[in-house]
There are 2 protein chains.
Amino acid sequence: MAGRRANQVRIYDVAKVAGVSIATASKALNDTGRMADATRERVKQAAADLGFRPNAMARALISQRSFTIGLLTNDTYGRFTLPVMAGVSEALVDEGVSVFLCTIEDDPALGKVHVDAMLSKQVDGIIASGKRIDRRLPVDLSNLPVPVLYAFTDGPEEAVTLVSDDAQGSREAVEWLVGLGRRRIVHVTGPDTFASVQERAGAFRSVVGTAGRVLFGSWSEAWGHEAVGQLWNEGGDAPDAIFCGNDQIARGVVDALRERGIVVPGEVSVVGFDNWELMAAATRPPLTTVDMNLKELGREAGRLILALAEGAPVEPGIRKLPCQLVIRQSCGGGLRG
Amino acid sequence: MAGRRANQVRIYDVAKVAGVSIATASKALNDTGRMADATRERVKQAAADLGFRPNAMARALISQRSFTIGLLTNDTYGRFTLPVMAGVSEALVDEGVSVFLCTIEDDPALGKVHVDAMLSKQVDGIIASGKRIDRRLPVDLSNLPVPVLYAFTDGPEEAVTLVSDDAQGSREAVEWLVGLGRRRIVHVTGPDTFASVQERAGAFRSVVGTAGRVLFGSWSEAWGHEAVGQLWNEGGDAPDAIFCGNDQIARGVVDALRERGIVVPGEVSVVGFDNWELMAAATRPPLTTVDMNLKELGREAGRLILALAEGAPVEPGIRKLPCQLVIRQSCGGGLRG
């Protein structure tokens with residue numbers, strides 16, 4: 001609190017007494033934003049009681065566009081959020097808009113501290129992002145005084161939500177295997193509690209038929225090894241292709257096959273999911289894999305949050321953005337065309 | 001710039017005319033901060049020319065501590081910055097302080113946009129971070145109106161800079177190998193243009209002697225494979241231990257040894273560097289590796305930037321924080337005691 005004179009009433013004090021955020025207090029006093037009349041009245045009463053006098057300068061400071069977008073995420077590893085952030089930044093930097101990332105843990109009270117901090121910094125909008133598309137962030141983002149957009153996390157019905165089209169990406173991958181002549185394709189994937197796992201498995205079966213075999217497990221290399229053990233130890237016709245739920249599983253599968261003396265892609269084709277460069281390119285042979293285009297998803301999020309901040313109409317609902325199959329060497333087939 | 005009345009003079013306009021940042025203009029008008037007298041005079045002249053009148057409210061808004069710290073980085077992959085950020089957040093959240101991350105690319109002009117955005121949000125301080133300790137961020141952070149601290153990136157002499165003590169971490173790793181009875185230890189590491197590579201190699205030689213063999217290459221699994229090929233194809237006594245410059249190299253080394261039928265750790269011990277969980281734990285056997293304690297480095301950065309923001313005296317200079325050897329199974333030896 002260095003530098004503040006003791007008796008000066010701040011908007012913070014008004015907000016505190018009224019039990020609202022600083023942003024809401026500002027909007028209430030400026031007769032902007034949407035809120036219950038009772039809330040606006042409570043803020044004005046608190047301001048009057050405290051002797052707070054918003055003046056031209058304060059209003060000017062408040063009414064300016066801030067040229068910052070807040071990005072909230074609980075993906076502390078950054079695996080999904082950082083590509084999204086790169087895309088958002090790319091879309092906005094030419095507009096002079098900066099993106100500030102704030103990571104929140106699973107404690108809603110702490111999450112609220114960060115959201116309030118963003119609002120008090122007068123961000124023009126907030127993009128919520130996460131590590132899976134079927135989970136909400138552990139913080140309430142409804143009724144904020146700025147637009148909120150959801151990118152790679154679950155959002156409420158009335159919001160704009162951007163996700164990757166996992167079904168389309170999965171279909172492309174499996175059709176690619178079919179096009180290469182593979183007929184005994186198995187899907188080795190993550191835990192069946194993930195919506196993305198269900199969606200990818202559904203797309204797999206939509207191509208190979210409802211009898212298509214799916215092995216659910218974990219998102220790990222170890223599971224890839226284990227699945228190969230199961231599939232090759234049970235006898236009968238071994239698979240000639242494995243569509244994996246992510247690149248870590250695919251890497252485990254490829255390593256396990258090599259250690260059994262099975263040639264990839266000569267005898268078995270393997271496809272990953274994520275196009276996690278570090279994992280996909282280091283696999284021997286390098287992985288053909290589905291890229292969710294998270295950077296492009298971020299660019300679209302940036303364009304849309306700016307439109308929302310400027311008051312342009314944006315149709316609410318879920319938008320699925322296309323994935324792209326990235327061809328390397330684990331399937332054979334070379335370049336598509 | 002929705003919502004702004006056409007003739008209202010903003011601090012932004014004053015800053016623009018004076019050719020300074022918004023933060024500098026604020027400080028100049030409030031007779032706070034440090035800057036050349038000529039700069040302060042130029043700002044005041046611009047304010048007078050434009051008819052800008054800072055008033056009590058504006059000054060109040062400006063003089064408040066903002067309870068936000070800006071984290072600037074050019075580590076767009078997040079490998080090093082996200083653990084630092086987690087530590088900073090952890091140190092500050094109980095103080096009600098939020099951390100905003102802004103990534104900058106290699107364009108200094110764009111970097112300046114983001115720094116100005118942080119300043120105009122009145123962050124209480126800025127932590128600069130990066131992807132290597134011997135490179136500056138591509139943006140000028142001198143003469144800012146808020147304290148700047150450097151964490152895992154190169155800083156100017158008069159600043160507070162936090163780095164990991166790579167030499168100490170490397171010595172511990174190599175002494176661990178020596179303690180296990182290993183006598184033919186080789187160091188396989190990254191490009192010799194990195195200060196961290198030189199420091200780790202120097203520490204390696206300080207333990208095994210100046211004749212200790214160091215193979216410089218790249219930060220990749222492929223280089224680990226290639227180095228094993230070199231070492232085992234040249235004949236003579238093969239190494240009984242390999243100290244690797246990072247976990248990716250170590251993973252390549254372990255895989256290449258296994259494929260040659262050489263038992264890790266039975267015949268050869270392998271140590272990594274980074275303790276990158278995903279890489280270290282998935283290696284077979286899991287890697288014993290040096291952890292740079294980046295999260296603790298972040299915590300210390302958080303504590304120090306807060307002290308600086310509060311005007312507490314902090315001794316400038318480079319502070320090296322200890323690394324820790326994390327024992328898994330790639331060396332043998334089990335738990336230390």
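This note goes through the salt bridges of a predicted model.

1. Because the model is predicted, local features need pLDDT of at least 70 and side-chain atom pairs count only at pLDDT 80 or more, while totals for chains, interfaces and linings use all residues. Residues are numbered from 1 along each chain as its sequence is written, chains are lettered from A in the order in which they are written, and side-chain values use heavy atoms, with hydrogens and water left out.

2. Over all chains, the search of the whole structure finds 38 salt bridges, a salt bridge being a side-chain nitrogen of Lys or Arg within 4 Å of a carboxyl oxygen of Asp or Glu.

3. In chain A, E199(A) and K320(A) form a salt bridge at 3.1 Å, N to O. This pair links distant parts of the chain, 121 residues apart, with E199(A) in helix α8 and K320(A) in strand β11; helices (H or I, at least four residues) and strands (E, at least two) are DSSP runs, numbered from the N terminus. K320(A) is partly exposed, at 46% relative accessible area, where buried means under 20%, exposed over 50% and partly exposed in between (1.4 Å probe, protein chains only).

4. A further salt bridge joins E277(A) and R328(A) at 3.3 Å, linking helix α11 to the segment after β12, 51 residues apart. R328(A) is buried, with a relative accessible area of 17%.

5. Between the chains, R258(A) pairs with E259(B), their closest N and O atoms being 3.5 Å apart, and each residue lies in helix α10 of its chain. R258(A) is partly exposed at 26%, as is E259(B) at 41%. Both belong to a network of salt bridges whose members include R251(A), D255(A), R251(B) and D255(B).
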